[in-house]
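Welcome! Let's take a friendly look at how some side chains meet in a protein model.

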Amino acid sequence: MTESLTARLQQRLSSQTAEIEALTSAELTRLASSLRQQSEAALRTMQNDIQGTSLMMADELEIVRLTARWWWVALIVTWLVIAGLSVWHWMSPASDPFPIFRSGGQSYLMLPDGTEPMICQGEQPFLCLKLPNGM
């Protein structure tokens with residue numbers, strides 16, 4: 001009886017081991033499949049995010065390129081305007097600080113109020129103006 005009990009126990013142990021191996025194998029296969037699906041979904045999400053970011057960066061880079069191109073144009077136009085105004089100012093006749101009166105082919109300088117003509121002394125005497133205080 002002991003031998004048959006031992007044989008039956010060994011047979012039962014073998015069948016349970018086989019069953020446990022089959023269940024473990026099935027569970028591992030299911031877990032591997034689930035892990036593969038999750039990994040593929042995560043990789044697809046990452047790939048979509050990378051592609052979206054790449055497209056967004058390409059669009060932003062194009063905006064930067066256009067801005068840089070027009071910035072240079074604006075800078076060159078500004079330089080040309082400044083140069084043109086400088087040349088115009090340089091070439092325009094200077095306005096006289098005092099008005100000039102012309103009569104009989106002669107020109108006379110009209111002095112502002114409060115000035116007095118004088119003869120100043122230097123190496124030689126010369127005509128000058130005495131300005132009022134505060135000028």
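Here is a short tour of the salt bridges and the aromatic pairs. This is a predicted model, where local features need pLDDT of at least 70 and side-chain atom pairs count only at pLDDT 80 or more, while totals for chains, interfaces and linings use all residues. Residues are numbered from 1 along each chain as its sequence is written, and side-chain values use heavy atoms, with hydrogens and water left out.

**Salt bridges**

- Side chains of opposite charge can pair when their charged atoms come close.
- The structure has two salt bridges (a side-chain nitrogen of Lys or Arg within 4 Å of a carboxyl oxygen of Asp or Glu).
- Glu27 pairs with Arg30, with the closest N and O atoms 2.4 Å apart; these two residues are three residues apart in helix α1 (residues 2-91), which means about one helical turn separates them. A helix here is a DSSP run of H or I with at least four residues, numbered from the N terminus.
- Glu62 and Arg65 form a salt bridge at 3.6 Å, N to O, and they too are three residues apart in helix α1.

**Aromatic pairs**

- There are two aromatic pairs in the whole structure (rings of Phe, Tyr and Trp, using its six-membered ring, with centres within 6.5 Å; planes under 30 degrees apart are stacked, over 60 edge-to-face, the rest tilted).
- Trp71 and Trp72 make an edge-to-face pair, 5.0 Å centre to centre with 85° between the planes.
- Phe101 and Tyr108 make a tilted pair, 6.2 Å centre to centre with 35° between the planes.
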